[in-house]
Amino acid sequence: MRVLIITNHYLDGMGGGTTGSRGFINAFASLYPDCLLIYPDNGHDVSKMIRPGLKAIGCPDHRPAWLKGIGIYFGKLHRFTALAKKTINSFKPDLVVFDTSTVSSGLIRFARNAEIKTITIHHNVERDYFRDNPPSWLFRYPYFFYMTRTERIAVRLSDLNLTHTDDDTKRLLEYYSGGKNLN
């Protein structure tokens, strides 16, 4: 089975989300030997952070800050769309794992249309997280709108949704009824 994992976390960090992402990535890589990872490349070596033999493609973000900011107003929540679509077409995975609903934005329907199974890992309920940790007021409303829409689509379209806690599962079901396979 060929598995593509796409993460939005910098893998060389020390936070909880980063640690959780590395754990999930390495778990999938140990289960599926033909595994490919797309990760945000900040110029640091991540080879010691991931399982030996895991193929990884870094995705740097060379856009200026103002362009990233404007992108949020048009629903561009991440940098991975072009690289991920190209990789899906060439790698032909059987499964795509989205490490957070944010990274599924613009990609989950593409994968589903290609008849690829999808898993979304929810590190938390994004809607609650960003209510408690709001971004700058300049981006708060458009980001919250697109992030909520992306999370709803991920919950409803993923073949499997993974959460860390039962409380997160309950909250996602409460917000987005119709979710499949929330675990």
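Which residues form a nonpolar patch on the surface? In this predicted model, select Trp66, Leu67, Ile70, Tyr73, Phe74, Trp137 and Leu138, which together make up that patch and have about 840 Å² of accessible area. Within this group, click on Leu67, which belongs to helix α2, residues 65-73, and which is partly exposed, with a relative accessible area of 35%.

Next, turn to the sheet, which is open and has 6 strands in the order β3-β2-β1-β4-β5-β6, paired in parallel. Its edge strands, each of which pairs on one side only, are β3 (55-59) and β6 (160-163), and from one strand to the next the twist averages 15°. Now select helix α6, residues 140-157, which packs on the sheet by touching β5 (117-122) and β6, and whose direction makes about 130° with that of β5.

For a look at one pairing, select β1 (residues 2-7) together with β4 (residues 95-99), two parallel strands that are joined by 5 bridges; here Val3 can be found opposite Leu95 of β4.

Two loop residues make a fitting last stop. Most residues other than glycine have a negative phi. Lys92, however, in the loop between α3 (81-91) and β4, has a positive phi of about 55° although it is not a glycine. Thr100, in the loop between β4 and α4 (108-113), is likewise not a glycine and has a positive phi of about 100°. Is each of them buried or exposed? Lys92 is exposed, with a relative accessible area of 55%, whereas Thr100 counts as buried, at 6% relative accessibility.

How values were computed. Residues are numbered from 1 along each chain as its sequence is written. This is a predicted model: local features need pLDDT of at least 70, side-chain atom pairs count only at pLDDT 80 or more; totals for chains, interfaces and linings use all residues. Side-chain values use heavy atoms; hydrogens and water are left out. Two strands pair if DSSP finds at least two bridges between them. Helices (H or I, at least four residues) and strands (E, at least two) are DSSP runs, numbered from the N terminus. Axes are lines fitted to C-alpha atoms, for helices over the stretch in contact, and angles run from 0 to 180 degrees between N-to-C directions. Contact means heavy atoms within 4.5 Å. Patches are made of residues with over 30% relative accessible area and no salt bridge: like charges are joined within 9 Å, nonpolar side chains (Val, Leu, Ile, Met, Phe, Trp, Tyr) within 5 Å. Accessible areas come from the Shrake-Rupley method with a 1.4 Å probe; for residues, only the protein chains shown count as cover. A salt bridge is a side-chain nitrogen of Lys or Arg within 4 Å of a carboxyl oxygen of Asp or Glu. Buried means under 20% relative accessible area, exposed over 50%, partly exposed in between (1.4 Å probe, protein chains only).
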